[in-house]
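Dear colleague,

Please find the structure below for your own work.

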Amino acid sequence: MGPTQRPRSVDRRTILKTGAAIAAVQFTSPYIIKARGETPVRIGFIDPLTGVYAAIAQSEVVGAKYAAEEINKKGGILGRQVELLVEDSANDVGTGVQKAHKLIERDGVNFIVGDVNSGIAAAIAQVTSEKKVLHIVGGGHTDTITGTGCTWNVFRVCNTTTMDANAIASTLMEKFGKKWYFLTPDYAYGHSVQASFEKLLKAAGGTSAASLVPLGTADYSAYLIQAKASAPQVLINIMGGSDQVASLKQFVQFGMDKQMAVGGTLFELESIRAVPDTARVGWWTMEWWWDQPGVPHVAEFNAAMKKITGGAATARNWFGFASVQTIALIANQEKTLDAPKLAHALGGFKLPPEVALQPGAPEYRAGDHELMSTVFAGEAHPPQGDPDNMFTVKSPVPGEKAAGPVEATGCKIQWPA
Amino acid sequence: MTTLLLFNVTNGLIIGAFYVLMALGLSLILNLSNTINFAHGGFLVIGGYIAYAITPYVGFWGGLLLAPPLTAVIGLVVERLLIRPLYGRDPLYSLLLTFGLAFIIQDGTRFIFGAQGKPVTIPPFLAQPLSSELFFITGYRLFMVGMAVAAVALLFVLLRYTRLGIRIRAGTLDLETVASLGINVQMLRTLNFGVGIFLAGLSGVLAAGQLGLEPTMGDSLLLPSFIAIIVGGIGSLPGTLAGGLLIGVASGLTAVFLPAASEAVIYVLMAVVLLIRPRGLFGEEGMMT
């Protein structure tokens, strides 16, 4: 029997169809964390628990769960227990929106928190504003969320990309020079950070080139060859999560750390932990840091997180914690769950020290709903003493200074009639 | 510009060699067992994590030596318990099974080792670039290419000169006749599956040193490997070899002119090959009907 007559049960069409299916399908099962009390106040928490941002998303969940437990210990929200419903957006906009609809329409949540991925957070914000649900964006950084795309019901805990860029850009320019190369993830967040940096660089008379890199890229050699060819003084690495880990590892393996500086907005503790000592380099911002001697309640929170995760508290732990605490604080203060009333009250609301966990009392700015949180600019390095002491804060920049005037954000809040 | 082009072609070949390693395992399993193994990326992850777990006791080289066979053993168990019962059925059954298995492996590793990536350290002498001019050719990347070449060579020797290899090739061509000659086809498929998963495990250990280790690392490597098989032609191992190298180079070259498209180009290449030559570059007529 020749090969042409041989029966084959797997044919080209099957392979092509299934190949397309695997590329398209993002599937995960939802799960619910904790159900207490008979008529609980429900908070829907949407984050990419799977995919490249899984580690940081899960850190947010840990912080949020801890906050819910603490709130319940103190009597909950309006005397009702808090129930946290955690859903996986699978790092996919469609899935995130679908989960938001499910949480609001089927599970009847009173509040929404999420998403790490800015693109998903912005898409969910459209749903929550339409459904009149108060929405806290814990860790999605793109400017537009509290900028041109701001809505009356959306408040953000983490910084804008502009805040982070403002906090580190001058340090990078002064220390290393004004010729930069960007390694930018090709989606809303990456574009937003690059634009923020380029604005500052241009104003200072600097020049730049860039590579836009698809999310989930494994090998960065082609992009690093491009970067090297343009001979920059600083490589700005905007990649996030496991993408940042892989790109930094390769950057160091290629010996490029000896030829140019590396830095950017974020090199989160979760990512620093995932790289070997040699790749723990560069100048970055932390949006919260566990080692703040003399700042009240920080050590307490750090110890609580350490008990749960085994490691020091991360900025993402704090994002999740502060997001859920914000909801409880404002609802208990206003004695209502009505979203428009709470949103009005949150404008100008200052976080108390046990939730702020940083110098001063950051407030949600009324004009754009952005939390004016301190930005910790500094340098990454191998562990010094404590295994998580891998970053030294050089200059804490107050949120208001990093954010600039509210008019510059382009946010014009339209309140519902 | 010429230097940049040359750099990217060389770089593409290096990346391609890695795709080849992964794709050969997939191809072996597909050819003999009619199983589209979507869990292949998962086995790669298992290989990486096994190496990570045993490295503190046996060192990097011990991990490299032991992790692939241990991954293969897990593969053998999976084949025996889960995949074998589905051989007689429509291939969509085993496809769905491995599709689900990929998620189970991913969540399983996340459950055991955590979602946070793990740092993998490679021997310092491998972590250096050859020279400041050829900065992208590090000792480790050369080592990866060497391992890929050695694995391909061994595989070809196995398939050409050993009894097992000859039976695997014969089975790929006509399994019914092989069975009627009294050869234990079930055992043949199991061993073949084991060899395929061995290659996945080896890819995992090597990838961990280059990219870092985290539960989703197999995802981004699986699809290019499937494309290598389709471009090269289903049923042809030399085709898989050529397909892997070709998509690596295409991706590298595109990076010179349009970096953002360097990933998309491999899909375009696949589409073009399928339009012009539906059986793939080296696929036999009738293999891809």
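I begin with one residue of chain A. When neighbours within four places in sequence are left aside, Trp180(A) is in contact with Ala169(A), Leu172(A), Met173(A), Phe197(A), Leu201(A), Thr207(A), Ser208(A), Ala209(A), Pro232(A), Val234(A) and Ile236(A). Please bear in mind that this is a predicted model.

The next point concerns a sheet in chain A. Seven strands form an open sheet in the order 7-6-8-9-10-11-12, and their pairing is mixed. Strand 7 (207–213) and strand 12 (391–397) of chain A each have a single partner strand, so these two stand at the edges and one side of each is left without a neighbour in the sheet. On average, neighbouring strands are turned by 25° against each other, direction ignored.

Two helices of chain A meet this sheet. Helix 6 (residues 188–203) packs on it and touches strand 6 (179–185), strand 7, strand 8 and strand 9 of chain A. The direction of helix 6 makes about 165° with that of strand 6 of chain A. Helix 7 (residues 221–229) of chain A lies across strand 6, strand 7 and strand 8, and runs at about 165° to strand 6 of chain A.

Within the sheet, strand 8 (residues 234–237) and strand 9 (residues 261–266) of chain A run parallel and are joined by three bridges. Ile236(A), already listed among the contacts of Trp180(A), stands opposite Gly263(A) in strand 9 of chain A.

Finally, some totals for chain A. Its secondary structure comprises 14 helices and 12 strands. The radius of gyration of chain A is 22 Å, close to the 22 Å given by the globule rule for 417 residues, so chain A is as compact as a globular protein of that length. Of the 417 residues in chain A, 62% are buried. Of the contacts in chain A between residues at least 6 apart in sequence, 68% join residues at least 24 apart. The accessible surface of chain A is about 14,600 Å², and carbon and sulfur atoms account for 53% of it.

With kind regards

Terms used. Residues numbered from 1 in each chain as written. Chains lettered and ligands numbered in written order. Predicted model: local features only at pLDDT ≥ 70, side-chain atom pairs only at ≥ 80, totals over all residues. Heavy atoms only, no water. Pairing = 2+ DSSP bridges. Helix = DSSP H or I, 4+ residues; strand = E, 2+ residues; numbered from the N terminus. Axes fitted to C-alpha atoms, helices over the stretch in contact; angles between N-to-C directions. Contact = heavy atoms within 4.5 Å. Rg over C-alpha atoms; globule rule 2.2 N^0.38 Å. Buried < 20%, exposed > 50% of the residue type's maximum accessible area, 1.4 Å probe, protein only. Areas by Shrake-Rupley, 256 points an atom, 1.4 Å probe, with all protein chains shown as cover.
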